[in-house]
Amino acid sequence: APPQRAPAAMAPRGVASAAALLLLLASSACAALAARSAPAQVHKSFTVENDRFMQDGQPTTLLAGNLHYFRIPPEYWADRLDRAAAAGLTAIEVYIPWNWHKPRREKPADFSSDWRDIAKYFSLAAERGMRVLLRPGPYICAEWEFGGFPWWLRRQDPSMALRTNDGPYVSEVEAWLDELLPFIKPHLWENGGPIVMVQLENEYGNFLNAGGLPPDAEYKEALRKNARKNLGDTVLLYTTDPKSTIHLGGFNSSDVFAAVDFGPNVNPDDAFAAQHTMNPPGRRARIDTELYSGWLTHWGEAMANTSASQLGDELQRVAGDDATGSWSIYMIHGGTNFGWMNGGNIINYGYAPHITSYDYDAPIGEAGDLREKFFVVRNVTAKLRGGKRNLPPVPAQPTLKAYGVAKQVSAASLLADKALSALCSFRGAIPGKTPLPMEDLGETG
């Protein structure tokens, strides 16, 4: 027979009850202590309340600057963000060009290859404590090829009425936003990302005003509904327009915040008065989303050269005596229009293309050099943020080198018989009495 185990010693019932009670009291005390020592759970939110921007329930201002990843080689993204942070900025504003990410209609949008890895760009901004104001279009202007529209859009339907409630156009826009915005959603502030605001369209009032068109409420509403469908009900949506056309481009509702843009030659009080008419009481936070640091350059024009001191004065005036006004400098760093992505304007009924450089006479030059304007901006932000000790250190100036002289060794007239014959002799040439648009030939630019 197996050996018998000795019975375990039994404690008296009263002693066991007392021990259990002490254990229960000790556990309760530890739980209470842990609850007191644990940090309070913060509900992440970015809203407009009491005429102020509110971040996680606390008043905040946005000291932002436009910085376009598509105009900066990805090897320099971190460097340019470092320089923007050293200027004292607490946020960046950035467009997303439809044609940069979806050059072919039949293929999925590209959000992950080297120069199009916007998640990486957002992460780099977040690592530097910078929030993001996102401008996904669908039209972005930005002096960018076709205003960000893909080349194939008009080829799809040449009669398509862009930037209106035209059915074929809205269908393409919604298909694009249904790809883009779900990718954006995890990067919203409320979801742990840096994106605090998302813009609908871009200076839409200017488009309506230039064309003598009535406000297209149906088109704007289609954009709003799509954003809410894909991003949820709490993200702060906004529009941007100059004071003269904000009544056309804004929504005049509590669901879409209306921002205004203007440069150093505009009185901030006048601009903000126009902005306030488009936002209900309590949602009248002051912000200039395009405070121009310089200007663009068309082919044949001299590069912009604007006043650093005037920029500094305007930043102070927009912030106001109470330092509650927000701004976004356009541009803090301009960069370069690589490839054929420079846009153009119609001036006096003539085409005026933008040059390859998008230097913009910005505080941070095209090569990353820190200009007088950089230090003017840094001085202003230091005052607004409690001193330079609260700003990152100033990075070193980059080493600049000249490329040297490029010599033209030959030239020929395009209209000369021999030149035309040579151009048209290659296999696959398409004859025609007039030049054809690149879109009709299946070219992407």
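Leu441 counts as partly exposed, at 36% relative accessibility. The accessible areas come from the Shrake-Rupley method with a 1.4 Å probe, and for residues only the protein chains shown count as cover. This is a predicted model, in which local features need pLDDT of at least 70 and side-chain atom pairs count only at pLDDT 80 or more, while totals for chains, interfaces and linings use all residues. Residues are numbered from 1 along each chain as its sequence is written, and side-chain values use heavy atoms, with hydrogens and water left out.

Where does Leu441 sit? Its place is in the segment after α13. Helices (H or I, at least four residues) and strands (E, at least two) are DSSP runs, numbered from the N terminus. Leaving aside neighbours within four places in sequence, Leu441 is in contact with Ile430 and Leu436. Contact means heavy atoms within 4.5 Å.

Now step back along the chain to Leu414. This residue is in the loop between α12 (372-384) and α13 (417-424). Leu414 counts as exposed because its relative accessibility is 56%. Together with Leu415, Leu420 and Leu423, Leu414 makes a nonpolar surface patch of about 410 Å². Patches are made of residues with over 30% relative accessible area and no salt bridge; like charges are joined within 9 Å, and nonpolar side chains (Val, Leu, Ile, Met, Phe, Trp, Tyr) within 5 Å.

Tyr292 stands opposite Tyr330 in β11. That brings us to the strands.

Strand β10 (residues 287-292) is joined to β11 by four bridges, and the two run parallel. Two strands pair if DSSP finds at least two bridges between them. Leu291 stands opposite Ile329 in β11. How does the chain get from β10 to β11? It crosses through helix α11 (residues 308-319), and this β-α-β crossover is right-handed. Right-handed means that, with the strands pointing away from the viewer, the path from the first strand over the helix to the second runs clockwise.

Strand β11 has another partner. Strand β4 (residues 63-67) pairs with β11 in the parallel sense, over four bridges. Here Ala64 stands opposite Ser328 in β11.

Is β11 enclosed or open? Eight of the eight residues of β11 are buried, so the strand is largely enclosed by the rest of the structure. For β10, six of the six residues are buried, so β10 is also largely enclosed by the rest of the structure.

Take Ser326 as an example. It lies in strand β11 (residues 326-333). Ser326 counts as buried, at 0% relative accessibility. Leaving aside neighbours within four places in sequence, Ser326 is in contact with Phe53, Thr61, Leu62, Arg286, Ile287, Asp288 and Val318.

Charged side chains come next. How many salt bridges does a search of the whole structure find? The search finds 18. A salt bridge is a side-chain nitrogen of Lys or Arg within 4 Å of a carboxyl oxygen of Asp or Glu.

One of them joins Asp82 and Arg128, with the closest N and O atoms 2.5 Å apart. Asp82 lies in helix α2 (residues 77-86) and Arg128 in the loop between α4 (118-127) and β6 (131-135), so the pair ties together parts that are 46 residues apart in sequence. Asp82 is partly exposed at 33% relative accessibility. Arg128 is partly exposed too, with a relative accessible area of 25%.

Another salt bridge joins Asp178 and Lys229, at 3.0 Å from N to O. Asp178 lies in helix α6 (residues 167-184) and Lys229 in helix α8 (residues 217-231), so this pair ties together parts that are 51 residues apart in sequence. Asp178 is partly exposed, at 34%, whereas Lys229 is exposed, at 55%.

Helix α8 also holds Arg224. Arg224 forms a salt bridge with Asp255, and the closest N and O atoms are 2.8 Å apart. Asp255 lies in the loop between α9 (246-249) and β9 (256-260), so the pair ties together parts that are 31 residues apart in sequence. Arg224 counts as buried at 19% relative accessibility, while Asp255 counts as partly exposed at 25%. Both belong to a network of salt bridges that links Glu221, Arg224, Arg228 and Asp255.

Technical notes: Buried means under 20% relative accessible area, exposed over 50%, partly exposed in between (1.4 Å probe, protein chains only).
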